[in-house]
Amino acid sequence: MTIDPNNLAATAKLTFADEFNGLSLWNGSTGTWSTNWWYNDEWGNFSKSNGSTLDGNGELEWYINDNYQATSAVNPWSVNNGALSITAAPASATISPLINNYQYTSGMLNTWHSFSQTYGYFEISAQLPAGQGLWPAFWLLQEDGDWPPEIDVMEFLGQDVSKFYATVHTDQTGDHTFQSFPISTSNLTTDYHRYGVNWQADYISFYFDGQRIAQVATPSDLHEPMYLIVNLAVGGYWPGSPNGSTVFPATMKVDYIRAYADIGGSLTSGAATGGASSGAVPAAAGTEASDALTGAATADTIYGQAGDDTISGQGGDDYLRGGDGADTIDGGDGFDDINGNIGADTEHGGAGADWVVGGKGDDLLYGDADNDIVLGNLGADNANGGAGADTVRGGQDDDVLTGGDGNDWLSGDKGSDTLTGGLGADVFHGSWDTGEETILDFSRAQGDRIMLDAGTGYSVHQSGADTVIDLANGMGQMILVGVSASSLQGDWIYLG
């Protein structure tokens with residue numbers, strides 16, 4: 001059954017809702033809304049980041065990070081009588097040096113930590129602020145960090161109070177392109193209005209106060225989980241700068257934000273495109289699908305979506321995505337591009353030079369035969385290159401990496417990781433922000449080496465039976481288990 005935004009009770013299930021009777025902010029482990037971009041949090045800067053802006057847009061505001069204590073006196077978000085207010089204002093002389101001397105403070109909220117979804121109906125009820133240079137928006141970005149794509153459910157320029165824009169951005173041609181729809185209507189600053197998007201596998205429809213206003217075919221790169229963002233920008237190349245007529249403080253008010261997923265017979269969850277689908281089971285009402293999807297001997301594109309899916313690409317160069325849930329994915333022969341996305345996934349590249357990416361969750365990853373790229377990404381992952389000259393990376397959290405046979409390149413990245421190169425001349429990578437990396441089988445006899453990023457300072461000492469490399473920031477270490485430092489000769493460690 002296709003989602004009907006005017007009959008959601010019968011055609012969709014509610015998957016996310018904030019009615020703003022309170023405000024739950026991300027504190028590092030819990031909370032609905034983050035006030036910081038995910039890359040600031042996940043790249044080791046949580047509570048240290050002084051906030052952010054989107055300088056690529058030429059914006060003049062600085063989005064305050066709720067977890068940065070030095071600017072805690074500024075609070076762009078408040079809740080009163082069941083409505084959220086996001087307020088933009090000129091930065092005070094006291095605050096300005098703490099926010100890179102930006103002219104204005106404002107707020108951005110996103111659900112990267114708490115909620116993302118592939119397909120569905122997403123809606124905001126909001127009252128927008130009038131004023132030259134004000135730029136409120138409600139939009140969706142891809143959970144894995146790729147850009148484009150992007151879905152802008154609503155963007156508004158405060159100097160034109162009777163028009164908003166709905167836009168789809170894509171990179172499906174290899175270049176960034178977009179389709180944008182300017183919607184002329186009544187004054188949007190005097191009352192609340194509903195802005196929605198129905199994102200499906202084959203089309204994207206935009207809605208205003210329950211009426212469909214635009215529709216486009218879904219681009220090929222818009223089939224992966226996306227999270228929600230609501231913000232109030234000030235200035236930028238598009239809206240221009242505020243002027244003497246702009247009244248501050250300026251406030252965007254939000255009554256609610258909700259998301260829905262499909263229910264019923266025609267749900268596209270688990271559908272395979274570009275090849276055969278075997279046994280695809282649509283989700284029943286109120287549940288998630290666990291699908292068995294099998295490709296053909298040709299190049300397949302398969303999206304598992306929600307549920308614990310089993311996906312087999314078989315032969316050919318396949319594009320395989322698990323979606324939400326604990327998925328089992330096998331690429332088979334050929335070059336396969338595999339991403340489990342959210343959930344504790346088990347992935348095999350199979351024969352061929354493959355890309356095997358875990359996504360978000362504690363994943364078990366195998367490159368298998370040939371020269372593979374294996375990336376754990378977010379979560380405590382177990383990543384195995386297998387035979388061949390593989391690139392194996394842990395990403396975030398505490399990972400276990402194994403190169404296998406061949407001359408492999410291994411990098412634990414963030415967290416405290418355990419690395420085993422296996423047979424061959426392996427390179428173990430470290431950087432200034434490496435955690436504690438434990439290397440179990442470093443062998444100069446096999447040609448193993450340590451590579452540090454250019455400019456990284458380090459020192460080497462013996463600790464019991466182990467050689468320890470201390471990195472200059474005083475936090476990172478690389479421990480070569482059972483290796484005598486005096487035995488390490490030649491260019492065993494280098495800057496690259």
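**View 1. The whole chain, inside and out.** Of the 496 residues in the chain, 53% are buried (under 20% relative accessible area with a 1.4 Å probe, protein chains only). This is a predicted model, where local features need pLDDT of at least 70, side-chain atom pairs count only at pLDDT 80 or more, and totals for chains, interfaces and linings use all residues. Residues are numbered from 1 along each chain as its sequence is written, and side-chain values use heavy atoms, leaving out hydrogens and water.

View 2. The chain has 39 strands and two helices (DSSP runs: E, at least two residues, for strands; H or I, at least four, for helices). Its C-alpha trace spans about 75 × 60 × 35 Å along the principal axes.

View 3. The chain holds 22 aromatic pairs (ring centres of Phe, Tyr or the six-membered ring of Trp within 6.5 Å; planes under 30 degrees apart are stacked, over 60 edge-to-face, the rest tilted). Here Tyr 195 and Phe 208 make a tilted one, with 5.5 Å from centre to centre and 50° between the planes. Tyr 195 sits in strand β12 (residues 193–199) and Phe 208 in strand β13 (residues 203–208), so the pair ties together parts 13 residues apart in sequence. Both partners are tucked away: Tyr 195 is buried at a relative accessible area of 0%, and Phe 208 is buried at 10%.

**View 4. A cluster of rings.** Trp 37, Trp 38, Tyr 39, Trp 112 and Trp 139 are linked into a cluster by ring pairs.

Technical notes: Buried means under 20% relative accessible area, exposed over 50%, partly exposed in between (1.4 Å probe, protein chains only).
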